[in-house]
Amino acid sequence: MAFPKGFLWGGATAANQYEGAWDVDGKGDSLCDHMRGGDVNTPRQIDETFDPEALYPSWEATDFYHHYEEDIALFAEMGWNVFRMSINWTRLFPTGEEAEPLAAGVEFYDKVFDCCRAHDIEPLVTLSHYEMPYALVDKYNGWASRACIDLFFTYAKFCLDRWHGKVKYWLTFNEVNTGMPFMNNVLSTSMVQHYTGTTANAPKDAGRCFNALHYQFLAGAKAVAYAHEHYADDVMMGNMTAFVTTYPLTCDPADLLANQARMRECNWYASDVQVRGAYPYYAERMWAEEGVEIDWQDGDRELLAAGCVDFFTFSYYMSNTVTTHDDGEEIAGNMSLGGKNPYLKASDWGWQIDPQGLRWTLNEIADRYNNIPMMVVENGFGAFDEVVVEDGVERIHDSYRSDYLKAHVADMQEAVNDGVNLIGYTWWGPIDVVSAGTGEMRKRYGFIYVDKHDDGTGDLHRARKDSFFEYQRLIKESRDA
Ligand code: BG6
């Protein structure tokens, strides 16, 4: 069996990690522009005012802004028919409170979408990928304030009105569930609390986290409802969940229950609101146990119910385990911590490699949401790459990345054979970008190498890695099947 006809193959990026040109043509500074780089042991630092001696990786990133034509041509060469990217809110609304967007920002995204279309690539656009205008963080503590709902809606409405004819697939908030207090997402933490210091020490306030999520759910629902009302024939609106797949470490029933609680907290709570339009039945108890009061206002429930998404998207990188026994060893994961799994190997950053977990996860989502159309919008392998020059050509022999790709695609194929309604796959960071978690450049995911390094050096030239040709071959084979 093969992937369905018209299956979307491509890659995924985010403006703050890729676009660069952070202050060009009037763009305002985003939250991520205030973050320094770190590494696996050194947490990132958030600065309120910029230190002239410090490096801020998002400022230049890998400069999609000035390389978009070259990069999109490379994507087309691999055979893509979808490209996930995000719009940088501050390139359109520098402080988030302007009534009209910046013309230069609008023109930039016009050109990018036209370029995609010229290559028969469907843009898949995230409205907010871990970023918001820093001015809103400063003034309102970001999503700690209900005021951000309408400000986000002004931005989202502009994007939908302008680009609904060019962009069919839209996602509201990237990995919105990582704002849960149980997750390890420093970016979400800083979005709900105006905070400067190292990300490891950022305080977590459960009440703020749950309410900041409530406001994001309402803001997302408002955008979805608006799109359905005005552009139902043109667009499909999706959620984006960071899927943190966990297994009970043992068959002790207590571990089973602990794992169920983790899956609910990390994955289903946010997904249920966005797919079913209401909080899950166990939310009340969760809020009570966390001492949280949700700021319900008139119309909130109706708005959530009106904002159900058309398709389910998620990121999947790894899996972890959960146990109530104290012999479980803790290991890092995507915006999360969890237990070690003795059956799995891990990347150099401690993320456990589990392709079968992807098949399992796809089936779980299909079971819960009546086999809603699904896309895996992030999956990938962060690794150190070595450039060697052979016959005057730069080569990167990244078989580890190709192995990860092929294994995950094979298990996706199994899920499709199971009957899962999977419509697309976008590899994370198909061209090297800044790492969100550590701010590093050397944690590379790309099929395309970019000459950019952690000390800020590099001339930004691009080179095809071996995995570029593997992905190209895999896409072709899948279409020919
Ligand atoms: C996801 C994010 O959590 O994981 C991306 O949506 C991020 O922004 C990706 O880059 C990989 O994480 P990291 O920390 O290796 O960049």
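In total, 33 salt bridges were found in a search of the whole structure. The model is predicted. Three of these pairs are described here.

Arginine 464 pairs with glutamate 77 in a salt bridge, with 2.9 Å between the closest N and O atoms. Arginine 464 belongs to strand S19 (residues 462-464), whereas glutamate 77 sits in helix H2 (residues 64-78). The pair therefore ties together parts that are 387 residues apart in sequence. Arginine 464 is partly exposed, at a relative accessible area of 36%. Glutamate 77 is also partly exposed, at 34% relative accessibility.

A second salt bridge links aspartate 114 to lysine 166, and its closest N and O atoms are 2.9 Å apart. Aspartate 114 is part of helix H4 (residues 103-118). Relative accessibility is 38% for aspartate 114, which counts as partly exposed. Lysine 166 counts as partly exposed as well, at 27%.

Aspartate 385 and arginine 401 form a further salt bridge through their side chains, at 3.2 Å from N to O. Aspartate 385 is located in the loop between strand S14 (374-378) and strand S15 (388-390). Arginine 401 is in helix H13 (residues 399-418), so the parts joined are 16 residues apart in sequence. Both residues, aspartate 385 and arginine 401, are buried. The two also belong to a network, in which salt bridges with shared partners connect Asp385, Asp398, Arg401, Asp432, Arg444 and Lys465.

Notes:
Residues numbered from 1 in each chain as written. Predicted model: local features only at pLDDT ≥ 70, side-chain atom pairs only at ≥ 80, totals over all residues. Heavy atoms only, no water. Salt bridge = Lys/Arg side-chain N within 4 Å of Asp/Glu carboxyl O. Helix = DSSP H or I, 4+ residues; strand = E, 2+ residues; numbered from the N terminus. Buried < 20%, exposed > 50% of the residue type's maximum accessible area, 1.4 Å probe, protein only.
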